[in-house]
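Subject: Structure for your files

Hello,

Here is the structure I said I would pass on. My notes on it follow below.

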Amino acid sequence: MKHTLYILLISLLFTSCDFFKKSDNRTPIARVNESYLYKEDIEDIVPKGTTKEDSTLMVNAYVNRWARQLLLMDGALVNLSEEKQTGFSKLVEQYKVDLYTKAYLEGLVKKNIDTLVQPEEAQLFYEANKESFKLNDNLIQFRYISLPLNPVNLDSIKIRFKRFKAKDKSYLDSISVQFISYSLNDSLWLKLNRVADKIPIITETNKNQLLKKTNFLQLKDSLNLYLMQVNDVRLQNDYAPLNYVNSSIKKIVINKRKLELIKQLENDITKDAIKNNQFQIYN
């Protein structure tokens, strides 16, 4: 990273040597040898509404930084060997080529790539790479409600919470203002440790009770009552459910398409250049 920034700095400084040459119709505010900084060059560095005192500090800091960079650049041109300077120039030119070609290819890819991953394709990828999708954590699908102690309609809530048909879910949603916290979306796969972090009643002692399929738990502490219903579990080292890793699979598939498309575009550009007599290799 430091190497890249160094190359960029050298590139900018090379550019600045041409950019800041003196012009008769502009008013210079600073000079370093044959390079000039003009009033219009600093117009955008001070945000609107800045006080006069702060504006002066910002401009002075900018001018001093500009001067130091050019002085260092001039010193480098005098003291660095010609071989070193040639090497840096090649690096700058290569970095420029890389920036342009990357931006160009990314634009072509964005315009041409298909980002829709069909369920069948995701399924095939999942089956072909299943060993890569073993779990490092225990997962659960569950719903829960946290209530104040001794709610008046607890029996009705428990019945509907456990049965959980469409009308029951609608009822629980309608009275959710009574709940301290809740989550009724039991189709999501969640890491058990994350669930334990969010629900204070879950401890190392009772956490394993959540790793039993279709298990109902009713727990309480000094303040609240907790109802939890587990739909399904996946244990550590089991294969992750497809819908849990589906978004990752889509990213992998699309990235694979991107790499293939870049290779195809590079080949097509080269073939077209040869066909149009833009590219020749001499024996």
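This is a predicted model: local features need pLDDT of at least 70, side-chain atom pairs count only at pLDDT 80 or more; totals for chains, interfaces and linings use all residues.

**Salt bridges and charged side chains**

K207 is buried, with a relative accessible area of 11%; buried means under 20% relative accessible area, exposed over 50%, and partly exposed in between (1.4 Å probe, protein chains only). The side chain of K207 meets that of E204 in a salt bridge, at 3.0 Å from N to O. A salt bridge here is a side-chain nitrogen of Lys or Arg within 4 Å of a carboxyl oxygen of Asp or Glu. E204, at 64% relative accessibility, counts as exposed.

Residues are numbered from 1 along each chain as its sequence is written, and side-chain values use heavy atoms, with hydrogens and water left out.

The salt-bridge rule gives a count of 11. One of them pairs D186 with R143, at 2.6 Å from N to O. This pair links distant parts of the chain, 43 residues apart: D186 is in the loop between β4 (181–183) and β5 (190–191), and R143 is in strand β3. Both D186 and R143 are buried. Helices (H or I, at least four residues) and strands (E, at least two) are DSSP runs, numbered from the N terminus.

R163 and D168 also meet in a salt bridge, at 2.8 Å from N to O. R163 is partly exposed, with a relative accessible area of 42%, whereas D168 is buried at 0%.

**Nonpolar core and surface patch**

The largest nonpolar core has 17 residues, and those with the most contacts inside it are I140, F142, I199, I201, I202, L210 and M228. Such a core is a set of buried Ala, Val, Leu, Ile, Met, Phe, Trp, Tyr and Cys residues joined through side-chain atoms within 4.5 Å. Two or more residues each come from β3 (139–148), α7 (192–198), β6 (216–220) and β7 (224–234). The largest share, 4 residues, is from β7.

Leaving aside neighbours within four places in sequence, I201 is in contact (heavy atoms within 4.5 Å) with N206, L219, K220, D221, Y226 and M228.

On the surface, I274, F279 and I281 form a nonpolar patch with about 310 Å² of accessible area together. Patches are made of residues with over 30% relative accessible area and no salt bridge, with like charges joined within 9 Å and nonpolar side chains (Val, Leu, Ile, Met, Phe, Trp, Tyr) within 5 Å. Areas come from the Shrake-Rupley method with a 1.4 Å probe; for residues, only the protein chains shown count as cover. I281 lies in the segment after α8 (242–275) and counts as exposed at 68% relative accessibility.

**Backbone**

Helix α3 (residues 82–112) has 31 residues and should span 45 Å at 1.5 Å a residue, which agrees with its end C-alpha atoms being 45 Å apart. The expected span is 1.5 Å times one less than the number of residues. Buried residues of α3 are F88, V92, L105, L108 and V109.

N33 is not a glycine but has a positive phi of about 55°. N33 sits in the loop between β1 (28–32) and β2 (35–38) and is partly exposed at 44% relative accessibility. N237, also not a glycine, has a positive phi near 80°. N237 is in the loop between β7 and α8 and counts as exposed at 54% relative accessibility.

Regards
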